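Me: I would like to go through a structure with you. Could we take it piece by piece?

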Amino acid sequence: MTHHRINTTYFHGGSAAIFTLLLLLLLTTTTTSSTTPPIPGLDTFLTNQFRLDPKATNDSFRSLSSSLKRSLSSSPLHFTSLSQPLLSLSVPISLHVRFVGDSFPSSSATTLSSFITSAVTSDNFHVISPPDSSTDHNLAVSHSLHLDASLSPTSLSSRLDTALKSLISSTTSSLRSNLLSIPYASIDEIVKQDYEKEKHGDGGVYIYLLSLGPQSKPYAYSYSHGDSSAGFTKCLGSIWTGKERYLWIDLSAGPVDYGPALSGDGVLPRGEFHPLAAFHGRPKSEKALLADLASLVYNAYQVLLVPSLRIPVYFEESLVVQLIHVYGSEHKDPVGLDWEAVKGTFLEESGLLLGEQKLSFKSFSVNYRECPICSFAVSRGMNSYTSRFLFDNYTLIVSEYLDSKHMHRTLTESGDELRRVAGIHEEDEFSRVLPVYVFDLDVNTPLLLDRYHQSVAFKDMVIAVRTRGTQSVSDYTCNGRHVFVHTRDLERPLVGSILQSMWGVSSTHLTWSPRHNSTLVDYTWSVGQTPFGPFSDISSLSFVQKDAAKRNVILTSLNTTIASAIDVIDSAVAYGGEVILVKQNRHSEFMQRWNLLKYKLEKSVSALSHNDFEMALFYLRSASHDLYSMHSVVYFASQEVEASLNCFKDPPFPWGAVSVSGVGLVALSYVYAKRDRLFKSKRKQF
C-alpha cells in the first residue's frame with residue numbers, strides 16, 4: 001500500500017494566495033447561506049420608501065419596478081421549505097468589553113473572548129408570561145453575542161485612580177459599616193466621557209471592568225444622598241448602568257452582599273465565590289480570574305442586553321395610564337404618592353415610545369367609604385401568615401397581607417362598576433389603557449401585597465397599596481443590615497410596575513430559563529439605576545429599561561408576523577401548494593410577495609441589531625401589506641379549489657385487468673376438470 005504524505009506546514013507563493021481565497025469564499029458562502037442574497041436596487045428602494053412613508057401606510061409592492069419584481073420571482077427552496085429561513089432569523093448583539101487598570105495581564109482580552117466564545121451559543125428570546133393561548137416561552141427570533149474585548153489606555157485608569165483616591169480621602173468613615181460610602185457620580189462622569197469617544201455608532205453596549213488596585217480603605221458606591229441610619233438602609237454596590245449604552249463594574253470595590261435574609265434564591269454573598277468578588281479573597285490564577293469575569297460578562301449579557309420579556313407587547317399608537325386613587329382618610333396625603341413625579345419619569349424618557357406613539361396620564365379619585373367594590377376587593381384579598389421571632393424565647397407572630405390575585409379577580413369582574421363610581425369615561429377603542437389602582441388605606445398596621453410587594457403588575461392592571469404605617473422590615477439584607485420598606489413611598493414601585501404592564505419590561509432580577517423551565521432569580525444587577533427590586537431607591541431609567549421597552553414591541557411583532565407567515569405556507573400546502581397557485585396564475589405574485597416579506601424581516605432584524613428601532617418598526621409595518629396579500633392569494637385559491645371538487649369524474653372500468661383474470665380462471669378450471677386424463681401416464685409408472 002502506498003502512503004501519500006501531505007505537508008500542511010508551509011504554503012509558498014501562489015498556493016498561499018489560492019488557499020486564502022478559497023477560505024474567504026467558504027466563509028462568505030457560510031455566513032450568507034441563511035440570508036437572502038442582495039437584490040440590486042431593492043435596498044435603495046425601501047430606504048427611499050422609509051423617507052417618503054415612515055409609517056408604511058402604503059403597500060410598497062405596488063411601487064416596485066418590473067425588474068425588481070422579476071428578481072423576486074424565484075426561490076432556491078422547495079415550496080414546503082419556504083418557512084425555514086424565517087425560523088433561523090437571529091439578532092447579532094454587539095458587546096464591547098474594556099479592561100481598565102494595571103491588574104489585567106496583556107492576554108486578558110484574548111482569554112476572555114475564548115472563554116465566552118467556546119461557552120456561548122445562539123439562543124432564542126424568551127417571554128416569562130406567554131399569552132393565555134400559548135404555553136411556549138420561546139420566541140421565533142434568536143440572538144447571538146458578538147464580543148469585542150480590549151485593554152483600555154492607561155490614561156483612563158490614571159484618571160479614575162486619581163478621582164477615586166480623592167473621593168476616599170475626602171469621605172468620612174461610617175460607624176455602621178466597614179465600607180466607605182463613595183458617590184458614584186465622579187467615577188461615572190469619567191467613564192461616560194470615554195464611552196462618548198469610544199462608541200462606534202453600531203448600537204453596541206460597552207462594559208467597563210475596573211480594577212484600580214488596592215486603596216487605603218475598603219469602599220463601595222452610594223447611589224443617593226444621605227447615609228444609612230437605624231431606620232433607613234442605604235444599599236451600597238459596585239456597579240452602575242448609565243442612561244447611554246454603557247455600564248461599569250468596579251471589581252476592587254466591596255466586597256458587598258445583598259439578597260434574601262433568611263432563605264431564597266439570587267443572593268449575592270460576601271464570600272469570594274461570586275464573580276463580583278473575583279479580586280477579593282485568596283489569590284487566583286489568571287485563567288481562574290478571567291473565567292469568573294467571563295461568567296460575569298455573560299450574565300450581564302443575558303440579564304441586561306437580551307432580557308426576557310415580562311409579557312408580549314403589541315404596538316398601539318395611544319397609551320393611556322389611569323391612576324385610580326382609592327383613599328380611606330378624610331384628606332388625601334400626596335407625600336410618597338407624587339403622581340407628577342411618576343409622570344415625569346416616563347415623559348422625560350423619550351426613549352420609551354416608538355414611531356408616533358403618544359403617552360398620556362389621567363388621575364381619578366374615589367373615597368373608600370363610597371366604593372363598595374373597593375371595600376369588597378380589600379376584604380376578599382385579606383390574608384394572614386405566621387412567623388417566629390426570637391426575643392426572650394421563640395414567639396409566634398401573626399401578620400396580615402393582601403393577596404393580589406384575589407384583588408385582581410375582583411377588580412376585573414367589577415371593573416365597570418368601579419369605573420362608574422370613579423367617573424372614568426371609556427377611552428378610544430384603539431388605545432391601550434392601563435388602570436393603576438392605588439389603595440390608600442386608613443389602617444395603622446403595614447399591609448403589603450403577597451407579603452413582600454408594595455405594587456404588583458398584571459397584564460391588564462397595576463395594584464398598589466399603602467397604609468398609615470410608615471415602614472416595615474423586609475426579608476432582605478444589604479451589607480449585613482436588614483432592608484426597611486418605606487410603605488408610604490410608592491413612586492419607585494409604581495414606575496417599575498407600569499414598565500412591566502405597559503411595555504413588558506421584566507425586573508432586573510428575573511430571567512426565564514428554558515433549561516430549568518422556570519423563572520430564575522438573581523439580584524446581582526438590582527442595585528444602582530433600576531426601578532426594580534428591594535435594594536434600589538432610584539426611579540430613573542437606564543438604557544436597559546429604555547431599550548427593552550422598544551425591543552419588546554419589535555420582538556412581539558416579529559414573532560406574530562413569522563407565525564402568521566408560516567400559517568400561510570401551511571395553508572397553501574394543504575390546498576395543493578405551488579401546483580394550485582400555478583393553475584390559478586397566482587404563483588408568480590405569491591413568490592414575489594413571499595421573497596419581499598422575507599427580505600423585509602431580515603432588514604428588520606438587522607436594524608434591531610443596531611438598536612435602530614424606528615427602522616425595524618417600518619420594515620415590520622411594510623411587511624404586513626405583503627402578509628395580507630399572501631393570505632388573500634391563498635384564500636381565493638382555496639375557494640376555487642373547493643369549487644372544482646364538484647367536477648370529479650369516476651375512473652374508467654379496468655377491462656384489461658378483468659379480461660386477463662377471466663382467462664386465467666378459465667384455464668385453471670379446465671386443468672382441474674381434465675386432471676385424471678392429463679396425469680394418467682404418471683400414475684402407471686408407480
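Reply: A definition comes first: a residue is buried under 20% relative accessible area, exposed over 50% and partly exposed in between, computed with a 1.4 Å probe and protein chains only.

Me: What should I know about the model and its conventions?

Reply: This is a predicted model, in which local features need pLDDT of at least 70 and side-chain atom pairs count only at pLDDT 80 or more, while totals for chains, interfaces and linings use all residues. Residues are numbered from 1 along each chain as its sequence is written, and side-chain values use heavy atoms, with hydrogens and water left out.

Me: Where is G266, and what does G266 contact outside its sequence neighbours?

Reply: G266 lies in the loop between β9 (258-260) and α7 (286-305). Helices (H or I, at least four residues) and strands (E, at least two) are DSSP runs, numbered from the N terminus. With neighbours within four places in sequence set aside, G266 is in contact with V521, D522 and Y523; contact means heavy atoms within 4.5 Å. The C-alpha atoms of G266 and H509 are separated by 7.7 Å, although these residues are 243 residues apart along the chain.

Me: Which sheet contains β9?

Reply: β9 belongs to an open sheet of 3 strands in the order β9-β17-β18, with antiparallel pairing. Two strands pair if DSSP finds at least two bridges between them. β9 and β18 (481-485) are the edge strands, each pairing on one side only. Neighbouring strands of this sheet are turned by 50° against each other on average, direction ignored. Axes here are lines fitted to C-alpha atoms, for helices over the stretch in contact, and angles run from 0 to 180 degrees between N-to-C directions.

Me: How many bridges join β9 to β17?

Reply: 3 bridges join β9 to β17 (residues 472-478), and the two run antiparallel. Within this pair, G259 stands opposite T477.

Me: What is the strand order in the sheet of 5 strands?

Reply: That open sheet has the order β11-β10-β14-β16-β15, with mixed pairing. Its edge strands are β11 (358-367) and β15 (455-457), each of which pairs on one side only. The twist averages 15° from one strand to the next. Helix α11 (residues 415-422) packs on the sheet and touches β11 and β14 (431-440), its direction making about 80° with that of β11.

Me: Changing topic: Q500, is it buried or exposed?

Reply: Q500 is buried, with a relative accessible area of 12%. Q500 is found in helix α12 (residues 491-503).

Me: What does its side chain pair with?

Reply: The side chains of Q500 and R310 are joined by a polar contact of 3.3 Å. A polar contact is a pair of N or O atoms within 3.5 Å; within protein, one must be able to donate a hydrogen and the other to accept it, and residues adjacent in sequence count only if both atoms are side-chain atoms. Not counting residues up to four places away in sequence, Q500 touches R310, I311, A457, V505, S507 and F532.

Me: Now helices. How do α9 and α10 cross?

Reply: The axes of α9 (residues 372-381) and α10 (residues 404-413) come within 8 Å and cross at roughly 150°. The two helices are therefore roughly antiparallel to each other; angles under 35 degrees count as roughly parallel, over 145 as roughly antiparallel, 65 to 115 as roughly perpendicular and the rest as oblique. Their crossing is right-handed. A crossing is left-handed if the near helix is turned anticlockwise from the far one by less than a right angle, and right-handed if clockwise.

Me: What about α13 and α15?

Reply: The axes of α13 (residues 543-574) and α15 (residues 587-609) come within 12 Å and cross at roughly 160°. That makes α13 roughly antiparallel to α15. The crossing of α13 and α15 is left-handed.

Me: Finally, how many helices and strands does the protein have?

Reply: The protein has 19 helices and 20 strands. Of its 686 residues, 48% count as buried.
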